[in-house]
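User: Please look at the structure below. I would like to go through it by question and answer.

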Amino acid sequence: MSHSLNEIEAHAKRAARGAGLSWGMSEEAGKATRWLASHDLAGPALLSAVLTQNDGLPHAQVAPAALNGAWRAPAGDLCPFAAGVTLNDCADRLAADRAVEMVNVSYPLLVLPFAAWASMHLKRPVRLAWQDLRIDTDGDGIWLEDPESRINTEKAAMVICEIGTTHENPARRPGKRGTVSTDIWERLNTFAKRTYAPATEASRLLGAGAGATDND
Amino acid sequence: MKQQTETIQTIAKRDPALVMRLSRLGSFHQSRLSFMRILTRRMIRENWRFSRPIFEFDDKGVGQAVYCAHTPDRIYSLIAFGHDLPAEARSDRVIAEAWDSTFTLFDGVPSEADIARLRQNIPLQEAGRVTEKELSVSRANRSVRLWDHVVSSLAAGKQPDQNQINKVGYLMRTTAVYGSGKLGAADREMIADRPECSAPFQIEMLSVFLTRTYVRDLVQHLATLKGGDRAAKLDPGIARSMGIGNSTGLGMAPFLVNHPMLFNNWIAAREEAIATVRNLPSATGAAVAVFRSLLGRSLVSADIWHSEHPIQIEKLKQLRSDLGRLNAHVERADLQNARPWDRLYRWAEAELGEDAQECLASLMLEPYGPLVDHLADQMSDGKPGAFRIDGTQPVADLRAILERAYGWALQINWDEKEQCARAWYVSEEKLEPRLGERFEEPIAPYEQPLAPGRDAAALYAALRDVDSDASLAAFLLAHPEHRHTVRRAQIVDRAPYAEIRDNTIGSDLVPIDMLRCKLAFFGATHFDPRSDRWVRICMFGNAPYPEELQQNQDDDWSYPPLVKGGK
């Protein structure tokens, strides 16, 4: 179904929060999902997959254990949002021509929006690569090279982020709507629903301040 | 020869620590920078045309209408559906499921197929679905008492009683106007580069402006069907005095907290305007005459502003008395020389309550359209990248920001129950935002991040043992729970009016303060709280109707005429 990008962002943010991400992380997960959806990439589907996989896991278990050296989780795989926000926080490292290496990343496409924001900050193209896939981004557009269709891969043993190259050919630019299947939307909704307080008669009456009559 | 060294210090914008308190934000008044006035000025300046290609209703008001606004470059159409609503189903709450009328603002002119599609969806509101051709979705309920009075008076060949109209102020009130991508509609980003959409909420304001015309036409239509040849035509002056009501609940309060950069830009534009006028070395007689005249009309406005809510009754009592004192002072004060507006403002700061101070601050801008109206262009949030956190910032710098911008919050003991007695949450029912009692209801696990002060204090405490030179990136890697607040702090460092500098979860919180601030920026008047968490207002009261716009070049319709009932 066609959705507005604001709807996708709001829904994704709630779903991320429902799966246990902090509010700040959820805000960025929402924006990342929106960014991918605007490029007609599988942001909502991969969000749903990673939330299902990491449901309830503590951040410390899926985030980089340290900032020096290659980033890896203490055990198991890196959450792409934990890796992504850290990448954007540390974007200036890339400018010093230092690549960021991330080991065992779940759904690495979800890191791409963070690389794009790093690129906007640095005002230089940034490249994300795993297996034989390369994506360059200037923040808004992307140049995708993906001979083996690895873009939606569940896991990459190594993801490298570094300053990219400028391209002659036009970039793929974002659209203004996103498409999300009913199935994925509903799966995200099961996470989002966890953030809603069950309605009680008391909250219905008091919580929004009913009392005075509506009619005059 | 000795050089004259006297320098006059420039008056800066008011301190956020003064402006961003809830009691002051809850005392804001409309101004030249209100979104309704930005819209009507543009309509007049660009000579917008209006048409009504469809208007079909039976004697119960069931039917449909299309109203088109023709700008120089494009057409926007309000599509209105009228319904026969049983009295027991009439509710202003978000959780309502049926309304007297439902609307959408369409981008362009709708085809028959569009209207047929929308007829299946718009009457359902949140349960329906729209597309990127639709820019807003809204609904309205009748003020039954006034509606019946106006229809029966006109049908009997008489004009309705102006006193009864003044008591309510509108024939219909909207209970939600959804824009920017809600329910599948076009995102604001899709239209933000159109000049007529560049200021905030212009689409929503246009929708309400056209809704008011629809309501006037519908009440006349029903009266004519009922009275036949005997029916009177509604006096234009009486029609003019009627606005569109709006019932606003808690949903607006989180908006201000959730859009810190946008909120900053609204406040900063008005503060810039106030500072500009305070810095004027002198004022012309003509400027003073405009000010005096609108102050007189503000007194009328305060007089006809009714509320039964105890808080508002007290505020109104003081506002009326203060405006009376201001008027007396203005009669004898020199308003022309030696920075007259700054002297007047400082007199008010010392002598009057916040409500009258803010009324004066807005009034002072009135004679100076050419100096302040352009600030409307700075009120949107054109920098969507503001959410990026600078992870290279040293911890010491963040600490300094927290001390500067959240000093008020660092002094509060957030463990005390009364300081955190409330929690904001979203209800499962239609996702209605609500405010509950943290220690009496099981809502804490669902709390929304709407207490920036408490969260800033928690961040400050967490930073206590962190090395001052350490970078935020490392801190955030270990403390993702503070990411939200670090982002806010970095925003408020660049945008000083981004944050409400008050407790938004305390036992003494009055949520309607947040609602009034936002509604005043819309241009609303006559705030009438119905509880501590929802408020009724009037929009476009005394505004020109589409065909009257060109006779109203003065942009002063927000102030009621000195003679009640039309000018």
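User: How many residues of chain B are in contact with chain A?

Analyst: This is a predicted model, in which local features need pLDDT of at least 70, side-chain atom pairs count only at pLDDT 80 or more, and totals for chains, interfaces and linings use all residues. Residues are numbered from 1 along each chain as its sequence is written, while chains are lettered from A and ligands numbered from 1 in the order in which they are written. Two residues are in contact if their C-beta atoms, placed from the backbone, lie within 7 Å. On the chain A side 43 residues take part, and on the chain B side the number is 55.

User: Which element gives the most residues to the side of chain B that touches chain A?

Analyst: Helices (H or I, at least four residues) and strands (E, at least two) are DSSP runs, numbered from the N terminus. The elements of chain B that give two or more residues to this side are helix H5 (144–155), helix H7 (188–191), strand S8 (422–427), strand S9 (433–437), helix H20 (472–478) and H21. The most, five residues, come from H20(B).

User: What are the classes of the residues on the side of chain B that touches chain A?

Analyst: Ala, Val, Leu, Ile, Met, Phe, Trp, Tyr, Cys and Pro count as nonpolar, Asp, Glu, Lys and Arg as charged, and the others, Gly among them, as polar. By these classes, the side of chain B that touches chain A has 22 nonpolar, 14 polar and 19 charged residues.

User: How are the axes of H2(A) and H21(B) oriented to each other?

Analyst: Axes are lines fitted to C-alpha atoms, for helices over the stretch in contact, and angles run from 0 to 180 degrees between N-to-C directions. The axes of H2 (residues 23–38) of chain A and H21 (residues 483–494) of chain B come within 5 Å and cross at roughly 75 degrees. Angles under 35 degrees count as roughly parallel, over 145 as roughly antiparallel, 65 to 115 as roughly perpendicular and the rest as oblique. H2(A) and H21(B) are therefore roughly perpendicular.

User: Which residues of H21(B) make the contact with H2(A)?

Analyst: By class, this contact has two nonpolar, two polar and three charged residues. H2(A) brings Trp23(A), Gly24(A), Met25(A) and Glu27(A), and H21(B) brings Arg483(B), His484(B) and Arg487(B).

User: How are H14(B) and H15(B) oriented to each other?

Analyst: H14 (residues 340–351) and H15 (residues 354–364) of chain B pack with their axes 9 Å apart, at an angle of about 170 degrees. Trp341(B), Tyr345(B), Ala348(B) and Glu349(B) of H14(B) meet Ala356(B), Gln357(B), Leu360(B), Ala361(B) and Met364(B) of H15(B). By class, seven residues of this contact are nonpolar, one is polar and one is charged. From their angle, H14(B) and H15(B) are therefore roughly antiparallel.

User: Which residues have the most contacts inside the largest nonpolar core?

Analyst: A nonpolar core is a set of buried Ala, Val, Leu, Ile, Met, Phe, Trp, Tyr and Cys residues joined through C-beta atoms within 7 Å. A residue is buried if 20 or more other C-beta atoms lie within 10 Å of its own, exposed if 12 or fewer, and partly exposed in between, with C-beta atoms placed from the backbone. The largest core has 222 residues, and those with the most contacts inside it are Leu87(A), Val111(A), Ala115(A) and Met364(B). Its largest share, 12 residues, comes from helix H8 (residues 202–227) of chain B.

User: Is Val372(B) buried or exposed?

Analyst: Val372(B) is found in helix H16 (residues 369–372) of chain B. Leaving out residues up to four places away in sequence, Val372(B) touches Arg32(B), Ala273(B), Thr276(B) and Leu365(B). Because Val372(B) has 22 C-beta neighbours inside 10 Å, it counts as buried.

User: Is Lys123(A) buried or exposed?

Analyst: Lys123(A) lies in the loop between helix H7 (112–122) and strand S3 (126–130) of chain A. Its phi is near 60 degrees, a positive value in a residue other than glycine. With 9 other C-beta atoms within 10 Å, Lys123(A) is exposed.

User: Is Leu183(B) buried or exposed?

Analyst: Leu183(B) also has a positive phi, about 60 degrees, although it is not a glycine. Leu183(B) is found in the loop between strand S6 (170–179) and H7 of chain B. With 22 other C-beta atoms within 10 Å, Leu183(B) is buried.
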